[in-house]
Amino acid sequence: MDTFGLLAAGFAAALQWQNLIYAFIGVTLGTAVGVLPGIGPALTVALLLPVTYRLDPAGSLIMFAGIYYGGMYGGSTTSILLNTPGESASIVTALEGNKMARKGRGGPALATAAIGSFVAGLIATLAMAFVAPWLVRIAISFGPADYFALMVLAFVTVSAAFGDSALRGVTALFIGLGLGVIGIDLQTGQARLAFGIPDLLDGIEVTTLAVALFAIGETLVVAAARGSLDDEVVAVKGSVWMTLEDWKRSWPAWLRGTLIGFPIGAMPAGGAEIGTFFSYAAERRLTKHPEEFGNGAIEGVAGPEAANNASAAGTLMPLLTLGLPTTATAAIMLAGFQQFGLQPGPLLFTNNAPLVWALIASLLVANFMLLVLNLPLIGLWVRLLTVPKPWLYAGILLFATLGTLGANGAMSGNLFGIRFSFELMMLLGFGILGFVLRRFGYPIAPVVIGLILGPLSEQQLRRALAISQGDPLVLIQSPLAISLYVIAAAAVLIPLWFRLRGKGEVFSQLAADED
Amino acid sequence: MNKLLLAALVSGAMAVPAFAADYTIMAPAAPGGGWDQTARSIQEALTAEGISGNVQVTNVPGAGGTIGLAQFATQDSGNANALIVGGYVMVGAILTNASPVTLDNITPIARLIGESDVIVVPANSELQSMDDLVAKLKADPGSVSWAGGSAGGVDHIIAGLVAKAVGVDPTQVNYIAYSGGGEALAAVLGGQVTVGISGYGEFESQIAAGELRALAMSGENEMDGIPTLSETGVDVTVENWRMIAAAPDITDEQKAAITADIKKMAESATWKSILETKGWVDMYLDGDAFDTQLDADIASTTTVLKDIGLVQ
């Protein structure tokens, strides 16, 4: 059978009425658990996986796909409404999404996230079905030196995209890079900057830092500013639905996000959230409304959300074709497949074709089900914002705290015989850092990005140098790496060139940028 | 009526020891990993076989299991319902992290399962056999890059032992740590490194598909026609085992009761079928035999980590 025939057979299996019910239950459960703070898609899937064991393989896979997509969507809902990203991939969504929600545009933000996820999931899942074996070959040819070049590109484009002052942006980035050094060094097994505290051995949890800087930091700022609590919150301003203008601005962002997220998800070295950073940087550069960025630009939600979903479909490619789990969620899915004696790997498509195509079809069905279920609920979700501000912020604090405890509730700290949660103390400590950064006008996102990209780039650089036995030329020997460096150089130089050509006013602009 | 009530109470009281405790199993790792899967499989077998009515799994990830271990040893002391999953990786992590809590602080019950590591090269590699690899290693140790799991883990330890066994300085081993067998697999398939070393399960399907060539297994028995290291003339035998342990300061009776429950579970049909689907090898060992084996493993791991230079 050709690919289309197999996919059609997969749909025939997925669209049986009992399987549709399983998809419905999966999506509902996934969304419900996913909106709980601190529970990202990985934990959602791990918690709910046993539910699927009782079903036949097809039904189980379908419910599983529903849980997966539901969990991811639930995570973006809390990012947008409460500014508490539950996983690193929805950090960027919180940036513009929460600003939109504050301005009464939570409805369009949630809608563009849901529809963007659907569009990206649809395109990426179809693309996975047709190009998986081919794209995976390219992805694994990426060596450590190429990854390092990709990280350099990410640093250059991403740090330029946040904040108006280069100096402040870079300062914030270096705080993140510094925090990223903490913990056991993967290459040598030695602890760095852990000061004998066992909780620091695994480094600083990205979500703890993100929730602290975003949610706690902001709560402190609001609490510290006199009168800010009296501001009227407008839950819905204009339509709760996306306007024609919103659609016009969203759809190119969805497509670009998909195009960026899908290949990055397919790369076997992890870091699926990098696609969301690239997408945000691209949208910020290409937008016709630069003044809106940082104040709630719809492209800044549409692009990264699409990139996130596309890269989630992308991670299925190395999983299915190589048996290679590149994210925690994928590792749990692998466990799920093994339950049915499916061994993901190069022989999977030949040995278990019907089940694989049923899975691909179920992903598409679950994706569609999610959209149908959630669009009508948006009006209900945004009501959350009409809660009076003191209650809303108290709620945010409560959810941020519960989420952190839920993810790591170990009461491992001990001071003068009093046991406490070290993770919670870090949350509060970083919350104060977030307050200070905001108070003095430093951007928050580069701190989190430094924490994510720093360790990734360090490991790739050291792997490249170890394999070459210390020869630095290895970094610029592959054509892939060279092309990435050229793009990075262009990303820095071209805007400078345009500024210099514009003379006078641009120089003052440049000076203003330098603050 | 009173008699009936009394009968119910008595039978209830008698049923309690027969229908043993509700267990809480700590997986000192994030969901999805090997320890988590082991803990959840034990949970499934204990409940399906009616050995325990209610089993909860908790995850305390971090630092090769030492974070969970420390929490378990301090908070569950004397609690006969608390269990923790652990393994060979934890032995190494305790040493490299200089963990204040060691396996002496808990009560090991039984070794349950094991997995052999396998040494592989890409299908197009010039290395055809273990002999070729040994020759290359002897000629220039640095030119052989090994991709495996984190530094100081079982993969790294085996690479060091192989070097030592063929007379190469273990500190010269060019070991490239990846955060898991999956990432190491990508590096081997992409031809980024000379050899890959990780659990057999990580590489199995690629070996079957002919994408990777297996040179040797680290365990005692050959598998799918792949020779063991000793058969290829390299005197190294290491299995990456996983175990279950109980809390410190439990009574001998409590320890015996837990051991009996675990033994019953390990001999059950449910457990056997789980091992079958997961591809795990039954390595059940309890009592004094396990304690002796554990001490021997800790001693040999300490030596090799010192040789590699990871432990002072």
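**View 1. B:Asp249 is partly exposed, with 15 other C-beta atoms within 10 Å.** A residue is buried if 20 or more other C-beta atoms lie within 10 Å of its own, exposed if 12 or fewer, and partly exposed in between, with C-beta atoms placed from the backbone. This is a predicted model, in which local features need pLDDT of at least 70 and side-chain atom pairs count only at pLDDT 80 or more, while totals for chains, interfaces and linings use all residues. Residues are numbered from 1 along each chain as its sequence is written, and chains are lettered from A and ligands numbered from 1 in the order in which they are written. B:Asp249 sits in the loop between strand E9 (239–246) and helix H9 (252–266) of chain B. Helices (H or I, at least four residues) and strands (E, at least two) are DSSP runs, numbered from the N terminus. The phi of B:Asp249 is near 60°. That is a positive value in a residue other than glycine.

**View 2. B:Asn221 lies in the loop between strand E8 (212–217) and E9 of chain B.** Is B:Asn221 buried or exposed? It counts as exposed, with 10 C-beta neighbours inside 10 Å. B:Glu239 is 18 residues from B:Asn221 along the chain. Their C-alpha atoms are separated by 10.0 Å.

**View 3. Chain A has 21 helices and four strands.** Chain A holds 515 residues, and 56% of them count as buried. Two residues are in contact if their C-beta atoms, placed from the backbone, lie within 7 Å. Take the contacts in chain A between residues at least 6 apart in sequence: 78% join residues at least 24 apart.

**View 4. Helices H10 (residues 244–266) and H11 (residues 274–286) of chain A cross at roughly 150°.** Their axes come within 9 Å. Axes are lines fitted to C-alpha atoms, for helices over the stretch in contact, and angles run from 0 to 180 degrees between N-to-C directions. The crossing of H10(A) and H11(A) is right-handed. A crossing is left-handed if the near helix is turned anticlockwise from the far one by less than a right angle, and right-handed if clockwise. On the H10(A) side, the contact includes A:Ala253, A:Arg256, A:Gly257 and A:Ile260. On the H11(A) side, A:Phe278, A:Ser279, A:Ala282 and A:Glu283 are among them. By class, the contact has six nonpolar, five polar and two charged residues. Ala, Val, Leu, Ile, Met, Phe, Trp, Tyr, Cys and Pro count as nonpolar, Asp, Glu, Lys and Arg as charged, and the others, Gly among them, as polar. An α-helix has 3.6 residues a turn, so residues three or four places apart point the same way.

**View 5. A:Gly303 lies in helix H12 of chain A.** H12(A) spans residues 299–322 and has 24 residues. From first C-alpha to last it reaches 34 Å, close to the 34 Å expected at 1.5 Å a residue. The expected span of a helix is 1.5 Å times one less than its number of residues. How many residues of H12(A) are buried? The count is 24 of the 24, so H12(A) is largely enclosed by the rest of the structure. A:Gly303 counts as buried, with 38 C-beta neighbours inside 10 Å. Leaving out residues up to four places away in sequence, A:Gly303 touches A:Ala253, A:Arg256, A:Gly257, A:Ser279, A:Tyr280, A:Ala282 and A:Glu283. A:Ala253 is 50 residues away along the chain, yet the two C-alpha atoms are separated by 4.5 Å.

**View 6. Helix H19 (residues 445–467) of chain A has a kink of about 25° at A:Leu453.** The kink comes shortly before the proline A:Pro455. The bend at a residue is the angle between axes fitted to the seven residues ending there and the seven starting there. H19(A) has 23 residues and reaches 33 Å from its first C-alpha to its last, close to the 33 Å expected. Of its 23 residues, 17 are buried, so H19(A) is largely enclosed by the rest of the structure. Just after H19(A), A:Gln469 takes a positive phi of about 55°. A:Gln469 belongs to the loop between H19 and helix H20 (479–501) of chain A. It is exposed, with 12 other C-beta atoms within 10 Å.

**View 7. A:Gly379 lies in helix H16 (residues 378–382) of chain A.** It counts as partly exposed, with 15 C-beta neighbours inside 10 Å. Which residues does A:Gly379 touch, not counting those up to four places away in sequence? They are A:Gly107 and A:Val240. A:Val240 is 139 residues from A:Gly379 in sequence and 6.7 Å away in space, C-alpha to C-alpha.
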